[in-house]
Structures are given as C-alpha cells and as structure tokens.
Amino acid sequence: MNEISILHTIKERRSVHAFEQKEVDLETLNEIFTYGTYAPSHYMKEPWNIKLYQENGKVNFVNSIIESYQRIGMLNKNEDPKTIKMINSMKEFLLAIPHHALIYFPKEQDLVRYEEEYAAVCAFIQNSQLAAWEQGVGMLWTITPYMHDPEFSRAIGLDPEKDKIAAVLQIGYPKSIPRNKGRTPIEEKLEVIRT
Ligand SMILES: Cc1cc2nc3c(=O)[nH]c(=O)nc-3n(C[C@H](O)[C@H](O)[C@H](O)COP(=O)(O)O)c2cc1C
C-alpha cells in the first residue's frame, strides 16, 4: 500500500454515501482491515470481529434488517402497495452497496471492560476507514436500531447475550465524495488547566 501522509488522509477522508457498482477485491479489504488491527487495545485483546457481506451473502443480511425494522415498528408489515414499495426500495438500496462489514466484539459484563473493548473497536474502525481512503475505497460508519434487536443478532448467527454489534460499515468505491464540512476549532473544546 502506498503510504501517503496520515495527516493528509485524516483531514481528507469523507464518509461515503454513494458507491460504484464495483466490488473491492478481498485482498484489498484484508489489507485495509489489517491496518485496522494496529489499533490499540487494552491487554492486547484485539476484540474486533467482522462479518463481511457481499455478493449473494447480502441477501439474508438485508432480509434480516427489513424483518428487524418490521419487528421494532420502523417499517409496516402489511401487503399495502405503499409498504411493499418502501420495502423494495430499501432492499434495492442496501443490496446495491458492494460490501457491508458488520463489526462485533465479545460483550463484557464489567462496564469498564465493556468500554475498553468498544473503544478499541472504534479505533479499529477509524484505522480501517483511513487505510481504505488511501486505497481509494470509501466507507460509511453506521449505527442503526436493528443492532439492538436480539432477534436480528440471532438471525445473522450471533448470540445477543455474548456478542455486541458495534457498527456496520458500508464499503465500496465512491461514486461521489461529499464536501468537507470542516470542523469546530479545537480552541472551543479545549480547556487548559494550569493551576
Ligand atoms: C459512531 C458513528 C456512527 C455513524 N452513523 C452514521 C449513520 O448511521 N448514518 C450516516 O449517514 N452517517 C453516520 N456516521 C457518519 C457521520 O455522519 C460523519 O462521520 C459526519 O457527518 C462527518 O462527516 P465525514 O466523516 O465525511 O467527515 C456515523 C459516524 C460515527 C462516528
């Protein structure tokens, strides 16, 4: 991988919402997630796990999302043409995304441990997003309500008692790159305490 200045990449990376209809090869994705693994983790637990949905593997995943939305009341569950149209367009939208990477980690009962694992997983995700950007690959870090639906976890083969879903990354080559929204000057957030 061509290593461009990390400082440049940190500023230039954008969340990508529209993807080309072209898959990223597995070797590239492996390389991207390998950079992710250089994230720090307490006790070197490396708590991240990935389920990568692509090609036909997306069908069950997307159906499980729709069923979850119906269960939790975010989508209707009837034969109304409006409902069917909405479900079909949601399916079409999700299936058109080349890859979905669901990131999960072992649930810890102890809150401090839990926060440590989640924080490490977030560092893994950001490292991966930055590595992806340097490869011309776009990502969207998403958190959605189905991630809290135990039935959804079971439907994709996870144990809701043991596995915590941290995020789903939508991945592909960017069709368009959103504008840089800039950031609040850090001086507005930084309080220096000297005495
Ligand atoms: C934990 C987390 C969850 C996010 N969830 C979503 C999401 O569900 N949908 C979405 O469109 N963007 C989501 N984003 C992306 C943010 O909207 C995006 O990072 C922010 O607008 C800044 O844009 P940039 O990443 O292009 O700089 C999420 C980002 C983070 C860190």
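Here are some friendly notes on the structure above, which is a predicted model.

1. Let's start with the overall build. The chain contains six helices and four strands. Reading from the N terminus, the elements follow the pattern α-α-β-α-α-β-α-β-α-β. If you want a sense of the dimensions, the C-alpha atoms fill a box of roughly 65 × 40 × 35 Å along the principal axes.

2. Next comes the sheet. The four strands form an open sheet in the order S1-S2-S4-S3, and their pairing is antiparallel. At the edges you will find strand S1 (49-54) and strand S3 (138-142), each of which pairs on one side only. From one strand to the next, the twist averages 25°.

3. Strand S2 (residues 99-106) and strand S4 (residues 163-172) run antiparallel and are joined by eight bridges. To find your place along this pair, look for His100, which stands opposite Gln170 in S4.

4. Now to the ligand and its neighbours.

5. Which atoms of the protein lie 2.8 Å or 2.6 Å from an oxygen atom of the ligand? For Arg14, a polar side-chain atom is 2.8 Å from a ligand oxygen. For Ser15, a polar side-chain atom lies 2.6 Å from an oxygen atom of the ligand. Trp141 takes part through its backbone: a polar atom there is 3.0 Å from a nitrogen atom of the ligand. As for cover, the protein hides 63% of the 620 Å² of accessible area that the ligand has on its own.

6. Finally, a word on annotation. An unreviewed UniProt entry places the feature "domain: Nitroreductase" at residues 10-173. In the model, this span is 46% helix and 18% strand, and its end C-alpha atoms lie 18 Å apart.

Terms used: Residues are numbered from 1 along each chain as its sequence is written. This is a predicted model: local features need pLDDT of at least 70, side-chain atom pairs count only at pLDDT 80 or more; totals for chains, interfaces and linings use all residues. Side-chain values use heavy atoms; hydrogens and water are left out. A polar contact is a pair of N or O atoms within 3.5 Å; within protein, one must be able to donate a hydrogen and the other to accept it, and residues adjacent in sequence count only if both atoms are side-chain atoms. Accessible areas come from the Shrake-Rupley method with a 1.4 Å probe; for residues, only the protein chains shown count as cover. UniProt positions are given in the numbering used here, feature names are shortened, and annotations may be inferred rather than shown by experiment. Helices (H or I, at least four residues) and strands (E, at least two) are DSSP runs, numbered from the N terminus. Two strands pair if DSSP finds at least two bridges between them. Axes are lines fitted to C-alpha atoms, for helices over the stretch in contact, and angles run from 0 to 180 degrees between N-to-C directions.
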